[in-house]
Amino acid sequence: MNKKMVTIIAALAMCTAMAGCSESDTASSSKAETTTTTTTAAESAAPAESTADESSADSTSTSAGTTDYDVDGDFRAFEQLKEKYADGYLVTLEGQMSNSGTKYTICVKDGKAYESSTIQGMKSYAVYPGDGKKYNVSEATTTYSVNEADENAWKDSDILFSAALDLDHAYIDTTTNVVHEYYKLDSAVSGAEGQIVYSFDGATYDLKQVVLLPEGADESSAVYFTVDSMGEADDSLLAVPDLSAYTKE
């Protein structure tokens with residue numbers, strides 16, 4: 001796995017390294033019908049696609065609880081989500097499985113971004129305020145660092161919308177009434193191929209879960225995130241942080 005892929009995965013995982021997401025924490029997504037090395041990790045990250053009565057489960061709403069989602073139709077919940085938050089968003093996530101209990105926040109708007117992680121009560125965060133710099137702050141150690149950042153560097157934090165290419169396939173879990181949309185990863189953003197999965201409530205199309213899986217990842221690296229809340233961007237998070245109480249590294 002190349003360095004850029006590690007960086008984009010760490011953006012979703014909000015790795016706590018002050019120096020700018022150099023850790024190799026990985027998150028994963030899934031596809032139950034793949035014949036590649038992603039199969040095992042995929043099955044552990046999302047509900048396996050049922051082979052029983054598959055045609056009816058994947059094509060009509062009558063077998064999918066209250067959802068009217070059509071896997072073969074033109075409507076895509078992810079595209080609706082992108083349109084709704086085209087002017088910016090603030091999302092809070094909670095890690096699951098090996099990352100259980102860790103809280104993450106992402107805020108993106110107008111080419112600016114904020115990302116934070118809180119692990120066992122210790123918070124660290126990074127801000128791209130649009131001034132050509134990235135501010136890395138650790139509240140645990142009361143230290144900070146500042147790195148140069150080009151005009152597109154903030155997209156590393158926008159894993160929610162910037163990393164998805166074409167739809168690979170969609171699947172309805174009729175047991176839970178959850179719609180799973182599987183997209184190919186944009187290697188220009190992530191640095192490697194793979195999949196990202198968005199899981200939506202079948203009745204409201206609210207985003208419930210995000211799973212990221214680089215191609216070749218094994219089951220031990222499978223990590224996924226539930227969505228605690230999502231709403232409009234908070235401009236106060238996107239300003240240059242007050243560093244008066246912190247020590248520069």
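A salt bridge is taken here as a side-chain nitrogen of Lys or Arg lying within 4 Å of a carboxyl oxygen of Asp or Glu. The model on screen is predicted, with local features requiring pLDDT of at least 70 and side-chain atom pairs counting only at pLDDT 80 or more, while totals for chains, interfaces and linings use all residues. Residues are numbered from 1 along each chain as its sequence is written, and side-chain values use heavy atoms, leaving out hydrogens and water.

**Salt bridges**

Select Lys-109 and Asp-235 to begin: their side chains meet in a salt bridge, 3.1 Å from N to O. This pair links distant parts of the chain, since Lys-109 belongs to strand β2 (residues 103-109) and Asp-235 to the loop between β11 (224-231) and β12 (247-248), 126 residues apart. Strands (E, at least two residues) are DSSP runs, numbered from the N terminus. Lys-109 counts as partly exposed at 24% relative accessibility, and Asp-235 is likewise placed in the partly exposed class at 46%; with a 1.4 Å probe and protein chains only, buried means under 20% relative accessible area, exposed over 50%, and partly exposed in between.

Next, show Glu-148 with Lys-133, whose side chains form a salt bridge at 3.1 Å, N to O. Glu-148 sits in strand β6 (residues 143-148) and Lys-133 in strand β5 (residues 133-138), 15 residues apart. Here Glu-148 is exposed, at 65% relative accessibility, whereas Lys-133 is partly exposed at 28%.

Then move to Lys-103, which forms a salt bridge with Glu-94, the closest N and O atoms being 2.9 Å apart. Lys-103 is partly exposed, with a relative accessible area of 37%, and Glu-94 is partly exposed at 21%. Over the whole structure, a search finds 4 salt bridges.

**A loop stop**

Finish at Gln-120, found in the loop between β3 (112-119) and β4 (122-128). Is Gln-120 buried or exposed? Gln-120 counts as exposed because its relative accessibility is 75%. Its C-alpha atom is separated by 8.0 Å from that of Gly-101, 19 residues apart along the chain.

Definitions and conventions
Helix = DSSP H or I, 4+ residues; strand = E, 2+ residues; numbered from the N terminus.
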